[in-house]
Amino acid sequence: MKEWFVEWFDTSFYHQLYKSRSYEEAQMLIDNLEKKLGFAPNNTFLDLACGKGRHAIYLNSKGYDVTGIDLSRNNIEAANQSASENLHFFVHDMRETFRPDSFDFVLNLFTSFGYFEENYDNFRAIKAVAENLKSGGTLVLDYMNSAKAVKNLTKYYEKEVDGIKFVITKKIEYGFIVKNIDFDYENEHYHFEERVKILTCEDFRYYFRKAELTCKEIYGSYDLNPFDVAESDRMIFVVQKVPANLN
């Protein structure tokens with residue numbers, strides 16, 4: 001069986017359901033990271049699980065060399081319409097090393113993590129990040145604040161987009177937030193599922209430590225305010241691959 005994200009992310013319905021996602025919010029996060037982390041003109045960036053490339057394309061528009069990778073061929077085909085000399089997109093599984101010791105920054109944004117059934121696969125993805133980073137390079141990993149997401153879980157809602165009524169139900173199951181998506185289109189019923197692991201700060205710190213990465217900061221919003229487990233919507237980790245001679 002295909003993993004759920006392989007099937008769902010490659011459909012046109014996925015992009016239809018989430019078409020309202022804010023480009024302004026994505027650009028604000030990139031702008032704030034640029035200021036906070038001091039991006040340099042010659043820095044190279046890997047946008048990990050880039051989707052159709054909204055973060056990568058904007059980052060490239062600011063003059064940076066950016067590569068985006070995603071498991072969905074449809075996403076990469078769409079992103080490649082914006083490809084240029086310093087903006088490239090490839091189909092790739094984040095659990096596998098892409099280009100060793102090649103990037104100053106790896107960005108994994110908008111909860112594009114935690115999809116795997118096995119914890120080992122989560123670690124494999126973080127280990128691959130470590131291998132993709134140059135010595136001294138930085139990972140920015142943006143995840144939901146699982147504690148708040150669980151506490152405020154909306155179990156049922158409906159959303160109509162372009163004439164399709166999506167019926168959304170959510171539940172907690174075996175350590176995942178499971179979202180079931182049901183709808184009818186052209187006299188046919190469709191069902192898809194999203195499963196995102198309920199990962200804590202401690203879980204991520206374990207992955208980072210095991211991959212020999214050092215967590216430097218945790219922010220709680222796209223304004224990069226400090227993380228508060230009870231109040232923050234996001235967990236945005238800034239993690240460094242410390243040079244070997246400094247370990």
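Colleague: Which residues in α6 meet α8?

Modeller: This is a predicted model, so local features need pLDDT of at least 70, side-chain atom pairs count only at pLDDT 80 or more, and totals for chains, interfaces and linings use all residues. Residues are numbered from 1 along each chain as its sequence is written, and side-chain values use heavy atoms, with hydrogens and water left out. Helices (H or I, at least four residues) and strands (E, at least two) are DSSP runs numbered from the N terminus, and contact means heavy atoms within 4.5 Å. On the α8 side the residues are Y207, F208 and K210, and those in α6 are N119, N122, F123 and I126.

Colleague: How do the residues of the contact of α6 with α8 divide into nonpolar, polar and charged?

Modeller: Ala, Val, Leu, Ile, Met, Phe, Trp, Tyr, Cys and Pro count as nonpolar, Asp, Glu, Lys and Arg as charged, and the others, Gly among them, as polar. By that scheme the contact of α6 with α8 has four nonpolar, two polar and one charged.

Colleague: At what angle do α6 and α8 pack?

Modeller: Axes are lines fitted to C-alpha atoms, for helices over the stretch in contact, and angles run from 0 to 180 degrees between N-to-C directions. The axes of α6 and α8 (residues 201-210) are 9 Å apart. The two helices are oblique to each other, since angles under 35 degrees count as roughly parallel, over 145 as roughly antiparallel, 65 to 115 as roughly perpendicular and the rest as oblique. The packing angle is about 55°.

Colleague: Which residues stand opposite F105 of β4?

Modeller: β1 and β4 pair in the parallel sense over three bridges, and five bridges join β4 to β5 (residues 133-144), also running parallel. Opposite F105 stand F45 and, in β5, T138.

Colleague: How many of the six residues of β4 are buried?

Modeller: Buried means under 20% relative accessible area, exposed over 50%, and partly exposed in between (1.4 Å probe, protein chains only). β4 is mostly covered, and the count is six.

Colleague: Is T111 buried or exposed?

Modeller: T111 is found in the loop between β4 and α6 (119-132). Its phi is positive, about 50°, although T111 is not a glycine. With a relative accessible area of 12%, T111 is buried.

Colleague: What is the relative accessible area of A40?

Modeller: A40 lies in the loop between α3 (23-37) and β1 (44-48). A40 is partly exposed, because its relative accessible area is 24%.

Key:
Pairing = 2+ DSSP bridges.
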